[in-house]
Amino acid sequence: MKNKVLFVVTIIVVFLLGLLASSIINRKSEAKYKYVPNVLIGENEPRNAEWGKNYPREYQSYLQTADTSVTTYQGGSSMRDMLEEDPRLVVLWAGYGFSKDYSQGRGHYYAIDDIHNSLRTGGPEEKEDGPMPATCWTCKGPDVPRLMEEKGVAEFYSGTWAENVSEVVNPIGCADCHDPNNMKLRITRPALVEAFQAMGKDITQATHQEMRSLVCAQCHVEYYFDKNKPGSEGTQYLTFPWENGFTSEDMEKYYDDIEFSDWTHTISKAPMLKAQHPDYETYLTGVHADRGVSCADCHMPYKSEGGQKFTDHHLQSPLNNVANSCQVCHREESDKLIENVYDRQRKATENRIKLEDLLVKAHIEAGKAWELGATEAQMKDILMSIRHAQWRWDYTAASHGASFHSPVEVGRVLGSGLAEAQEARVKLVRLLANLGYTDAVPMPDISSKEKAQKFIGLDMEKLINEKEKFKTNAMPKWLEEAKAREGKMDSKKVVSNNN
């Protein structure tokens, strides 16, 4: 009896071991043929689908970036009208394009569609028309490195936005970050290389783990268009203001020293700075960067399918993928981790809204001072305080994940912004009194986006009609040109899998 039992157990064990061996062999076989190429990818191949023929798992995960169903407290992938959610922004950006239209981006997959639809890019009728330079395309897709190679970097920046509607048609993807010859991460935007050089650093010495953040830092950073760059004067040359360092004060000093402003506020006449999205800079001041965690570790965590481990290219909020992002290191329950994030974000938002309220009042009070005959000498220090306060506000607001990436730094910057805004308003009270005005300055009704835009003098009907005309007439024609151009591109030689 015992022999029979032993025999049956032995048969079962042998069977299970056979299954295990078979599974291991299959997984090794899958892994062995993971990167067998099907096509030859050119040096500046912008079409993501072509890369997908060789890297189907990465490409299929990238396509999931098209999902716009995720909404988090301060982000996600859904389209959100930020001016509708917070009409104060319209007044803060009076005279600047963001007062016309500011929607949360839906992710890399929609980079081209979203810039087509934005009112900020205007409604050009000809390729020489429109308010925006070609530089605005720099981070929108892998056609840009191709164009920079064909034209030259400065020559690309010197063009118009409109002329590149027919050129930049592939959304952010493979060629933006990868070398087609070996798939190593690479920097394709000269501005980042030049910023490192300005700091006396060599970006080619970066480690692979550092590169997992630096490829993001090509775009998710603060920047400005330098019209006075030696050798490229008059060109809207993309530049990162990092020579003094990465903090808000470092970049503020850089801008002050060169007397740069993005625009002049139409109400207060303050020389304003518009923070873009200093995600990388704020990330550097947080605990995750201090622990060596990269952007990709959380936003593009590793994933396994069959016997293959690869980087998930579904770039998204880590809060929609807690198991593979947060819980790799943190053992708390998902709900607890998400609540921890939201708690930090809510606390930062409290002070951010307080600062917005002060800034709106400061701009309007400054406008009243001008109306009463204030001189430039009287207004100079006040306008600099407004400039500095709003820069600090925007630095924390425009960086998409700042209040999570670095809540302590965000709290510090908002605190200094509140102090600057209060200082501006104290100076304004004194000046208004000297000008004979001692009442409280009336505040307009800006309870909705529409009311706020009317208050600052925007003709939204005209702007919307111009955009619709562009989308109906010029854009389809230019996209047909792009389709014809890409139709002539070499589809690349197919490489036999038997070789």
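These are my notebook entries on a few residues that I looked up in a predicted model.

**Entry: UniProt positions**

I started from the UniProt record, an unreviewed entry, which lists Cys295, Cys298, His299 and His405 under "binding site". These positions spread over 111 residues of sequence, yet they cluster in space, with a largest C-alpha distance of 12.3 Å.

His299 lies in helix α14, residues 295-299, and His405 in helix α17, residues 402-405. I noted His299 as partly exposed because its relative accessibility is 29%, between the limits of 20% and 50%. Leaving aside neighbours within four places in sequence, I found His299 in contact with His405, and also with His314, Leu315, Gln316, Ser317 and Pro318. With residues up to four places away not counted, His405 touches His299, Tyr283, Gly286 and Val287.

**Entry: Asn321**

I placed Asn321 in the loop between β6 (308-311) and α15 (334-371). Its relative accessible area is 14%, so I put Asn321 down as buried. Outside the four places on either side in sequence, Asn321 is in contact with Pro301, Asp312 and Gln316. Gln316 is also among the contacts of His299.

**Entry: Leu238**

I found Leu238 in strand β2, residues 237-239. Leu238 counts as buried because its relative accessibility is 4%, under the 20% limit. Which residues does Leu238 touch, not counting those up to four places away in sequence? I listed Thr135, Thr138, Tyr157, Ala191, Glu194, Tyr223, Tyr224 and Phe225. I also checked Pro190, which is 48 residues from Leu238 in sequence and 8.7 Å from it in space, C-alpha to C-alpha.

Notes:
Residues numbered from 1 in each chain as written. Predicted model: local features only at pLDDT ≥ 70, side-chain atom pairs only at ≥ 80, totals over all residues. Heavy atoms only, no water. Helix = DSSP H or I, 4+ residues; strand = E, 2+ residues; numbered from the N terminus. Buried < 20%, exposed > 50% of the residue type's maximum accessible area, 1.4 Å probe, protein only. Contact = heavy atoms within 4.5 Å. UniProt positions renumbered as here; feature names shortened; annotations may be inferred.
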